[in-house]
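Please keep the sequence and the model in view while reading the numbered points.

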Amino acid sequence: MLKSLLEHELNNLLKSKRIYTTVIMFLLLFVSIFVVRVIDYQKQVNQYIDDVLQNEEGLRSAENYSFINPRAIQQPIVFSIYNDGFKIPRVLNIQYYEPIIYAESLNEEDNIFFIDNNQLDITFLITFFLSLFILLISYDSVNGEKRVGTLRILMTYPLKRQTFILKKMFGVFFFVAITFTIPYVISFVSIIYMFVNILSINFLLSAFFYWLLTMLFILFFSLLGIFISCCSTNPNRSLVYSLLVWILFRIVLPISWDYIIYPRLYDEQVLHLRTIQGDKQYEKTRVEFDVNPHWSGNFIQYSGEGFYNSWVFAFKETMDGRDQLLRYMYDEVYPLTFEVEQARDDVIRYLINTENVKNWVFFFNPIVLFNNLSMKITGNSRGDYLRFLHSARELRNELVSLGIEEGWLLDYRFNAYVPEKYNVLDYDVLYEQVEGDYERMGEFVHEFIGDDRYEMRLPVFRRYEQPIYSFGEIFERIFVYLVLFVVSIVVLWVMTWRKFLKYDVR
């Protein structure tokens, strides 16, 4: 019985002109957005390749250990074509004692198709257009049949009202699910064909969970449209109700969170000041030390920006002072980096917690859940950004430990420009010999050194590797909120069924 009723429902949907118009619009939008996202992803891949080459070239050209400043470079996520998620730069600079709290971009170019601050992806198409599409084809699913008289005739047959609601729900659900699944599968195969060399298991897992989440989303809105249809005997009134509910879910509730509830949960200014305070504490220590003449004076050859990326030729006492500076940086400044990073992490964790609170507050809103779960599935949420920071910090700590173990981090080799045998000149004697002429002093030093330079071999250290999430990890991240999604669907089903039990079919 249910099978025949379901076939009847699908045939009725296919007879409607507005259905064809809406489906065509959805497919055109899907193709357009997909093409834009593929072009943008290809640009990101090209930028990533340039970033990696630039990083490796910088490491190969290092003249001493101070130039060894590797970068953690995150490869663009293929599934960002479907869900752009939390947008962050892809590059983290790794320096020996510096806190890692911000990401940056190296060879990034502006996308001419859309503004980076806007979300233009398949997720936006689903939450904005597909949700409205479902309501527009289901708002008169019950009262529409009552108006033409078919509902009264159907109820004269030995047909349970529950079976009738199931027929309506599955009819709308299967139709919309097929409408989405066909272009989704085609796009999925296209991505595999275009980017087969850089795909990973993460993409396949994300594709599966994303499709499953979309099916739940479609099921919820299918039930919602039928429930609204049961709340009124007038299809026109049901249309108004559907539009109002869609505006509530898609616009009013997210805006109320961003501008009313969220600021009360998260005092951005206070947390920002806390982080800045940690930054200033770090910088204060650095500045007070660097301007001390006991450490920074008597350099003959010095280049670079500040403490890093520099080379030094100096006298014995200056190199000894430089070694003491390195020891001071390790003993006093390095521990401060952890305090700064902790302050920044506290801010990010608070943001993550408030987003989780949003899921609990709006558990009945599939748009909120779909957006947040999509980021967790794709791997571009704030939690993934925090994991990115931690991975870069692990590499930095390993690099510092390697430098301590091999000895070059705390001695003259860190900033060496020439072999150690040249760092034995007496500054006062040389100063008298050139009669206080600093320019002649530099010329004398270069003649004394000749072409002999310090030859540094790049140490072997671990490079950044993109994390690969397993099925269990992804499922664990979304399980609780997935249960919320399912519970909201079950509750809506019970409400719809009970509403139709009291519906006047005459």
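1. The surface comes first. Helix α16 supplies the largest share of the nonpolar patch, 8 residues; helices here are DSSP runs (H or I, at least four residues), strands are runs of E of at least two, and both are numbered from the N terminus. The patch covers about 870 Å² and is made by Phe 208, Trp 360, Phe 471, Phe 475, Phe 479, Val 480, Val 483, Val 487, Val 491 and Met 495. A patch consists of residues with over 30% relative accessible area and no salt bridge, nonpolar side chains (Val, Leu, Ile, Met, Phe, Trp, Tyr) being joined within 5 Å and like charges within 9 Å. One of its members, Phe 471, is found in helix α16 and is partly exposed, at a relative accessible area of 44%. As to these classes, buried means under 20% relative accessible area, exposed over 50%, and partly exposed in between (1.4 Å probe, protein chains only).

2. Basis of the model. This is a predicted model, in which local features need pLDDT of at least 70 and side-chain atom pairs count only at pLDDT 80 or more, whereas totals for chains, interfaces and linings use all residues. Residues are numbered from 1 along each chain as its sequence is written, and side-chain values use heavy atoms, with hydrogens and water left out.

3. Confidence. The mean pLDDT (the predictor's confidence in each residue, from 0 to 100) is 81 for the protein, and 80% of the residues reach 70 or more. Confidence is highest in helix α13 (residues 382-406), with a mean of 95, and lowest in helix α10 (residues 293-296), with a mean of 34. Over residues 287-305 the pLDDT is below 50, although this stretch has 34 contacts in the model beyond near neighbours in sequence; contact means heavy atoms within 4.5 Å. Where pLDDT is low, the predicted coordinates should not be read in detail.

4. Overall composition. The protein holds 16 helices and 4 strands. Of its 506 residues, 51% count as buried. Among contacts between residues at least 6 apart in sequence, 82% join residues at least 24 apart.

5. The nonpolar cores. A nonpolar core is a set of buried Ala, Val, Leu, Ile, Met, Phe, Trp, Tyr and Cys residues joined through side-chain atoms within 4.5 Å. The largest has 82 residues, of which Tyr 82, Val 176, Phe 180 and Phe 221 touch the most other members. Elements giving two or more residues to this core include α2 (17-60), α6 (161-194), α8 (235-265) and α16 (471-501), while α7 gives the most, with 19 residues. Leaving aside neighbours within four places in sequence, Phe 221 is in contact with Ser 131, Ile 134, Leu 135, Ser 138, Phe 249, Pro 366 and Ile 367.

6. Gln 44 has its place in helix α2. Gln 44 counts as buried because its relative accessible area is 17%. Residues up to four places away in sequence not counted, Gln 44 touches Arg 37, Pro 76 and Arg 90.

7. Salt bridges. The structure holds 15 of them, each defined as a side-chain nitrogen of Lys or Arg within 4 Å of a carboxyl oxygen of Asp or Glu. Glu 57 pairs with Arg 60, with the closest N and O atoms 2.9 Å apart; both lie in helix α2, 3 residues apart, about one turn of the helix. Glu 57 is partly exposed at 43%, whereas Arg 60 is exposed at 57% relative accessibility.

8. Which helices hold Asp 384 and Arg 477? The two side chains meet in a salt bridge (2.9 Å, N to O). Asp 384 lies in helix α13 and Arg 477 in helix α16, so the pair ties together parts 93 residues apart in sequence. Asp 384 is buried, with a relative accessible area of 5%, and Arg 477 is partly exposed, at 23%.

9. A network. Salt bridges also link Glu 341, Asp 345, Asp 346, Arg 349, Arg 393 and Arg 396 in a network.

Note on methods
Areas by Shrake-Rupley, 256 points an atom, 1.4 Å probe, with all protein chains shown as cover.
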